Amino acid sequence: MTQESLEHRLQQLPAGWSVSRLGDLPTAQVIGYGVTRPGPHTDDGVPMIRSADIQEGRLRGDEPRRIAPRVHEANLRSRLEAGDIVVVLVGRVGEAAVVGTEFHHWNASRTVAVIRTSERDEAAWLNLWLGSPAVRAWCQRQATGSTLQRTLSVTALRKLPVPIPPAGLRASLLRAMRLLEEKATTNARIARCATELSEAHFARLASDGASWPERSLATLVHFTAGAAPRPSPDDDATPERGPAFVAPADILQSQSPHLYATERRLSPGKKGRTRAPGSLLVASREDGVRAVMSHVPAVIGRNVLALEAESVSDAYWLLHEIRSRSAELAASAQGSAGRELDRKAFAATAVIWPPLEVREHFARRAGRLRQRARVAETETERLRELRDRILDGFLSGSFPRTPTA
């Protein structure tokens with residue numbers, strides 16, 4: 001949808017609707033972006049929401065960046081309240097989520113805008129509208145900068161057109177969306193529990209393995225460092241699309257230890273060695289190393305390491321070994337933000353290596369849990385598609401439909 005067609009479509013809304021710019025809504029306040037100079041991570045500090053913590057309409061708070069209390073006190077303007085809406089300004093611009101009670105009085109980073117409303121239903125409607133594909137595309141067009149660091153200004157965000165439906169119709173749509181959200185929340189809990197069960201089973205096995213030998217990673221896997229450049233926007237426009245392109249962010253922001261898709265894909269024929277499904281992909285940042293198992297053919301970008309094990313059972317064991325030692329393995333990273341993994345230092349890392357029957361037993365159990373998590377994740381993807389279709393029909397006046405005699 002082009003920007004002109006979006007504006008045109010909003011002019012064709014059914015009777016009783018109105019359209020306002022986000023910055024002109026009388027009950028909403030665009031507070032602006034958050035902390036510009038957060039300083040170093042402080043273990044006992046105040047948690048801060050970053051753009052990476054906003055994913056698929058939800059907030060993640062499992063591994064927050066924490067800022068010193070004095071920094072927080074100096075930036076109370078961006079202190080979050082339950083019910084606020086946070087919007088990504090850098091990177092995946094336009095992605096949004098509602099702040100739940102568990103994030104009350106956290107702060108926000110420079111890469112995030114904060115919107116505060118005085119009405120609960122208006123916050124829900126704004127979050128729904130901000131999560132629509134049409135708005136994400138609009139935000140992408142308003143953004144500036146390179147493909148690596150797209151930035152949406154607060155000034156542009158304030159100009160976002162917002163359709164305002166009649167109160168009764170809005171309540172009908174929000175009820176339907178709440179049902180979808182409740183099911184998606186259940187699915188997210190299922191997937192998270194499946195991962196936690198795998199990690200708990202691994203921890204129990206590893207704690208019983210005091211007599212197992214140690215092996216260096218260099219003797220267990222084949223290492224490859226990523227070198228492929230990030231795809232250009234032209235790749236996204238290619239009808240026939242090639243393998244997934246994996247950047248560090250795809251690994252660092254993954255809520256699951258298993259990777260099935262990425263935001264970018266390469267056009268067929270583009271240079272870059274494709275890694276087979278089952279490869280372990282590793283990236284690092286200052287607070288630790290992250291690893292995922294890829295389940296799609298993938299080309300890896302800079303600051304990503306690919307580890308190819310001899311068998312699926314070896315790969316499952318090493319995946320959980322690396323994830324369990326995230327902070328420790330960060331010592332093998334270089335650079336001011338700890339994003340450049342030293343291949344030699346990482347390869348020299350020693351890991352406990354149980355007998356084959358133990359690795360195979362663990363892989364079978366972890367594999368079954370992974371399959372259950374994937375069923376839940378796939379259902380959520382379908383619910384998201386349904387959500388977009390319902391919203392699209394709602395804007396055209398076809399939802400809810402009037403029963404016929």
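"Meet" here is about contact, which means heavy atoms within 4.5 Å. The helix and strand names come from DSSP runs, numbered from the N terminus: helices are H or I with at least four residues, strands are E with at least two.

A quick word on what you're looking at: this is a predicted model, where local features need pLDDT of at least 70 and side-chain atom pairs count only at pLDDT 80 or more, while totals for chains, interfaces and linings use all residues. Residues are numbered from 1 along each chain as its sequence is written, and side-chain values use heavy atoms, with hydrogens and water left out.

Back to the two helices. α9 and α12 pack at an angle of about 75°, with their axes 8 Å apart. That makes α9 roughly perpendicular to α12. The axes are lines fitted to C-alpha atoms, for helices over the stretch in contact, and the angles run from 0 to 180 degrees between N-to-C directions. As for the labels, under 35 degrees is roughly parallel, over 145 roughly antiparallel, 65 to 115 roughly perpendicular, and the rest oblique. The residues of this contact of α9 with α12 divide into seven nonpolar, three polar and four charged. (Nonpolar covers Ala, Val, Leu, Ile, Met, Phe, Trp, Tyr, Cys and Pro; charged covers Asp, Glu, Lys and Arg; the others, Gly among them, are polar.)

Keep α12 (residues 356-395) on screen and bring up α6: their axes come within 9 Å and cross at roughly 170°. How do α6 and α12 run, roughly parallel or roughly antiparallel? They are roughly antiparallel to each other. Their contact has 22 nonpolar, five polar and seven charged residues.

**Next stop: rings**

Select Phe-202, Trp-212, Trp-317 and Phe-362, which ring pairs link into a cluster. For rings of Phe, Tyr and Trp (its six-membered ring), a pair needs centres within 6.5 Å; planes under 30 degrees apart are stacked, over 60 edge-to-face, and the rest tilted. How many aromatic pairs does the structure hold? It holds six. Phe-103 and Trp-106 are both buried, where buried is under 20% relative accessible area, exposed over 50%, and partly exposed in between (1.4 Å probe, protein chains only).

Now zoom in on Trp-212 and Trp-317, another edge-to-face pair, at 6.0 Å centre to centre and 75° between the planes. Trp-212 sits in the loop between α6 (167-207) and β12 (214-216), while Trp-317 is in α9 (residues 312-324), so the pair ties together parts that are 105 residues apart in sequence. Trp-212 is buried, and Trp-317 is too.

Two arginines are worth a click. Arg-110 lies over the face of Tyr-33, 3.9 Å from the ring centre, and Arg-374 lies over the face of Tyr-260, also at 3.9 Å from the ring centre. For a charge to sit over a ring, NZ of Lys or CZ of Arg must be within 6 Å of the ring centre and within 35 degrees of the ring normal.

Go to His-72 in helix α2 (residues 69-73). With 7% relative accessibility, His-72 counts as buried. Leaving out residues up to four places away in sequence, His-72 touches Val-46, Ile-67, Arg-79, His-105, Trp-106 and Asn-107.

Hop across to His-105, in the loop between β8 (96-98) and β9 (107-108). His-105 counts as partly exposed, at 32% relative accessibility. Its phi is near 70°, a positive value in a residue other than glycine. Most residues other than glycine have a negative phi. Asn-303 also has a positive phi, near 65°, and you'll find Asn-303 in the loop between β19 (298-300) and β20 (305-309).

**Last stop: a cysteine**

Select Cys-139 in helix α4 (residues 133-142). Is Cys-139 buried or exposed? Cys-139 is buried, with a relative accessible area of 0%. Not counting residues up to four places away in sequence, Cys-139 touches Val-93, Gly-94 and Leu-152.

Finally, zoom out to the chain, with its twelve helices and 23 strands. Of its 405 residues, 48% count as buried.
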